[in-house]
Amino acid sequence: MTVWRRPYSLDLTTADFMVVAVLAVGFFVLLVFEVRGGRMLGPEVLFLGVWNAVGLAVAVRRAMLGVWVSPVGVRSRLLLRTTTVPWASVVEIRSGAGSIAGLDMGRDAIVIERTDGEPVQTPIQSGAIVRPFRLELTRLVTWPEHYDEILANLRECHRNARPPEQRAPATPAPDPARADRPEQVRRPAPNAARRRDIHTLTRQYERGVLTDAEYAAALARLRGDG
């Protein structure tokens, strides 16, 4: 039996959907006891049962969103589609531009390059501004530090899955998608207060209150770049 696993730590949103799935199961059990006790009528039971089943299915699928690995390959799980690529068909795992229906989302996304030339864009994306109260059902948007951790772990899994004579050095080559970006000192993840400040600043920028230069300068100050 092939065992699939996520080679990275879970994000808060995924953990939240796991809790929702457990609550949905508990509600279903409660519903069964209500029916057996004769305290609920048929139409009410049908409506609540269908509603709970749909919510449970979405919560379970969303909790499984991400990239999974096993000894046989790597698997990208989206909300409505799962793509499995054998390790022998993986050229590299890199960071690329995230897009939906060909539209650039302005975020980096982890991409699996296949030998047939058709890349697989995974749902994992890097967001400098992560909005915890915006429901992201089809994407897993995480902080840049966590995104880099996931990318490094997936590359390591790919390297270890190759035959010994084909393995590259443990230190990965610079990513072409980020080669033109200046090297930055790794900073700790922003705390809750700084996240709120960044979110407020971004909202002002989106409403046109700040210019591009003002927004960039203020964001750099919040991040401690100067």
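**Exercise 1. Work out the strand order and pairing of the open sheet of 3 strands.**

*Solution.* Step one: the order is β1-β2-β3, and the pairing is antiparallel. Strands here are DSSP runs of E with at least two residues, and helices are runs of H or I with at least four, numbered from the N terminus. Two strands pair if DSSP finds at least two bridges between them.

Step two: β1 (66-70) and β3 (82-86) are the edge strands, each pairing on one side only. From one strand to the next, the twist averages 20°, with axes fitted to C-alpha atoms and angles running from 0 to 180 degrees between N-to-C directions.

Step three: β1 and β2 (residues 73-77) are joined by 5 bridges. Ser 70 sits opposite Gly 73 in β2.

A note before going on: this is a predicted model, where local features need pLDDT of at least 70, side-chain atom pairs count only at pLDDT 80 or more, and totals for chains, interfaces and linings use all residues. Residues are numbered from 1 along each chain as its sequence is written, and side-chain values use heavy atoms, leaving out hydrogens and water.

**Exercise 2. Compare the reach of helix α3 (residues 144-161) with its expected span.**

**Exercise 3. Find which residues of α3 are buried.**

*Solution.* Buried means under 20% relative accessible area (exposed: over 50%; partly exposed: in between; 1.4 Å probe, protein chains only). Among the buried residues are His 146, Tyr 147, Ile 150 and Leu 151.

**Exercise 4. Classify Val 25 by its relative accessibility.**

*Solution.* Val 25 belongs to helix α1 (residues 12-36). Val 25 counts as partly exposed because its relative accessibility is 42%.

Methods:
The expected span of a helix is 1.5 Å times one less than its number of residues.
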